[in-house]
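Please go through the structure below with this report beside it. Each section takes up one topic.

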Amino acid sequence: MIKEIGKYFIFLGQLLVNRESFKTYYKLTIDECVGIGIGSLFLVALVSTFMGAVTTVQTAYNMVSDFIPKYVIAQVVREMIVLELAPTIIAVIFAGKVGSSMASGLGTMRITEQIDALEVMGINSISYLVLPKVVAALLMYPLLVIIAGICGMMGGYLAGTLTGIITPNDYVYGLRSSYNPFTVEFALIKSFVFAFLVSSISSYKGYNTQGGALEVGISSTQAVTSSVIAVLIADYLLAQLLLAK
Amino acid sequence: MIEIKNISKSFSDKTILSGFSGVFEKGKPNLLIGASGTGKSVLLKCIVGLVYPDEGQVFYDGRDFYGGDRDKMIEVRREMGMLFQGGALFDSKNVEQNVMFPLNVLTKMPYSEKIERVNFCLKRVGLENVNSKMPSEISGGMKKRVGIARAIVNTPNYLFCDEPNSGLDPQTSMVIDDLIQDLSEDLDITTIVVTHDMNSVMGIGEKIMFLYKGEKLWEGNKNEITHSGVKELDDFVFANKVMNSLRNK
């Protein structure tokens with residue numbers, strides 16, 4: 001375990017040495033951004049809309065006292081979506097979709113000697129292949145989290161108003177009342193950390209694949225498992241560091 | 001010229017190479033032969049730096065490959081071209097992009113020069129009008145030829161071929177062998193070919209080293225290989241039915 005963590009940090013160190021020209025990375029990063037961002041947009045929007053809808057219905061179900069005003073439902077939905085559901089649950093989905101794709105792509109390149117071909121050409125394969133993925137994840141994941149937040153609150157609005165749980169006015173009032181901007185900052189800080197963890201851990205797992213097609217599948221699975229564990233640990237640590245009073 | 005001094009490599013407790021030394025000459029194909037599992041590919045990987053040897057040195061025209069820092073190693077590597085066993089073409093790029101790749105990353109050549117060079121190299125390996133094909137759309141032999149074109153596009157001083165004929169029919173194998181020989185002579189580069197194909201050995205084996213259990217057991221050329229007097233080499237050479245029938249005649 002300790003040895004593996006050490007190897008991971010050495011791998012990260014290789015990201016920034018013997019780099020190629022900026023132009024080379026620019027195109028690769030844009031390509032990765034399209035794959036990561038546009039490719040994940042539908043799934044993120046779908047999941048977050050339903051998360052918002054379900055959160056609204058469940059919060060309403062749990063509010064048994066008539067003394068609690070209805071707009072509190074929207075407040076709860078807002079806090080849950082912004083603080084936890086958008087950055088963290090979407091990170092788990094991001095690890096499953098993007099992380100596994102990164103690991104299997106790099107794993108396949110490894111077993112078919114494409115990574116060796118890069119090395120023999122005198123190209124730092126870690127920097128060339130992984131840096132654009134990490135940069136693209138850092139650029140795109142926070143945007144996906146913002147979209148997830150918006151979709152989540154929209155989903156809550158639709159579920160709440162269409163079923164008569166809450167009026168549109170109450171919902172919008174609830175979203176706006178007692179708003180603390182730091183929660184959004186906190187969500188964005190988390191999204192940067194999670195993007196880095198998922199992209200770098202998945203790339204590390206894929207890059208170090210040894211064997212054949214079976215091992216590519218194993219690396220892909222390990223990439224998702226390790227990324228999710230790292231995201232959950234980081235989630236707790238960040239909450240403890242930035243929110244604990 | 002590539003000179004190897006006392007290369008040894010073990011994985012866990014298993015010794016793969018023990019004290020291999022040899023000189024690979026310029027302008028002709030140098031063949032590394034031996035049965036499967038004798039350490040040929042590991043030796044080749046030690047020579048190009050894909051696997052670090054436990055002991056020993058590799059000199060590229062007098063430059064100590066493992067003696068300097070990483071920048072020196074990269075400098076030498078940028079003079080290398082390598083044909084991998086499976087071709088190792090980038091499957092997200094088409095033939096033209098694959099061959100142009102080293103020029104894109106390692107040079108500042110204008111596009112017009114790059115495309116001219118790519119087309120020249122593709123023509124050199126006997127491929128035309130395949131620029132837009134993806135690696136999945138071409139045959140194994142064509143992949144190898146694209147691999148060779150990519151290896152020579154940046155005019156390397158050292159060419160390495162890891163089992164260039166594996167999985168190919170005898171006719172295509174001969175085409176690849178002739179290509180490797182012609183390139184070595186025309187470009188005056190140091191070429192190392194790892195193979196266990198006796199057709200290649202008898203066709204282009206101007207300098208041959210025979211590996212057995214991680215050690216160099218014999219060195220010579222194609223004219224000397226059939227009467228080396230080394231039992232292990234005879235077992236390897238005459239395991240081929242054609243060679244054996246010639247021997248019996």
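## Contact between chains A and B

In this predicted model, the contact draws 13 residues from chain A and 15 residues from chain B. On the side of chain A that touches chain B, helix H4 (residues 114-120) of chain A supplies the largest share, 5 residues. By class, that side of chain A holds 4 nonpolar, 5 polar and 4 charged residues.

## Helix pair in chain A

Helix H3 (residues 71-111) and helix H8 (residues 213-242) of chain A have axes that come within 8 Å. They cross at roughly 145°. The crossing of H3(A) and H8(A) is right-handed.

Residues of H3(A) in this contact include A:Ala91, A:Ala95, A:Gly96, A:Gly99, A:Ala103 and A:Gly107. From H8(A) come, among them, A:Ser219, A:Ala223, A:Val224, A:Ser227, A:Val231 and A:Asp235. The class count for the contact of H3(A) with H8(A) is 10 nonpolar, 10 polar and 1 charged.

Chain B has an open sheet of 4 strands, in the order E2-E1-E4-E5. The pairing is antiparallel. Strands in a sheet are joined by backbone hydrogen bonds, in a parallel or an antiparallel sense. The edges of the chain B sheet are strand E2 (14-24) and strand E5 (63-64), each of which pairs on one side only.

Strand E1 (residues 2-11) of chain B pairs with E2(B) over 7 bridges, in the antiparallel sense. Which residue of E2(B) is the bridge partner of B:Glu3? The partner is B:Val23. Helix H1 (residues 40-48) of chain B packs on the sheet. H1(B) touches E1, E2 and strand E4 (55-60) of chain B, and its direction makes about 120° with that of E1(B).

The contact between them takes 10 residues from domain 1 and 9 residues from domain 2 of chain B.

On the domain 1 side, H6(B) gives the most, with 5 residues. The side of domain 1 that touches domain 2 has 7 nonpolar, 2 polar and 1 charged residues.

## Positive phi in two loops of chain B

Most residues other than glycine have a negative phi. B:Asp188 has a positive phi of about 55°, although it is not a glycine. B:Asp188 sits in the loop between helix H6 (170-187) and strand E8 (190-195) of chain B. Is B:Asp188 buried or exposed? B:Asp188 is exposed, because 11 other C-beta atoms lie within 10 Å and the cut-off for exposed is 12 or fewer.

B:Lys213 also has a positive phi, near 50°, and is a residue other than glycine. The loop that holds B:Lys213 runs between strand E9 (207-212) and strand E10 (215-220) of chain B. B:Lys213 has 15 C-beta neighbours inside 10 Å, so it counts as partly exposed.

B:Asp71 lies in helix H2 (residues 70-77) of chain B. B:Asp71 counts as exposed because it has 10 C-beta neighbours inside 10 Å. How many residues apart in sequence are B:Asp71 and B:Ser200? They are 129 residues apart in sequence. In space, the two are 36 Å apart, C-alpha to C-alpha.

Methods
Residues numbered from 1 in each chain as written. Chains lettered and ligands numbered in written order. Predicted model: local features only at pLDDT ≥ 70, side-chain atom pairs only at ≥ 80, totals over all residues. Contact = placed C-beta atoms within 7 Å. Nonpolar A, V, L, I, M, F, W, Y, C, P; charged D, E, K, R; others polar. Pairing = 2+ DSSP bridges. Axes fitted to C-alpha atoms, helices over the stretch in contact; angles between N-to-C directions. Buried ≥ 20, exposed ≤ 12 C-beta atoms within 10 Å, placed from the backbone. Left-handed = near helix turned anticlockwise from the far one by under 90°.
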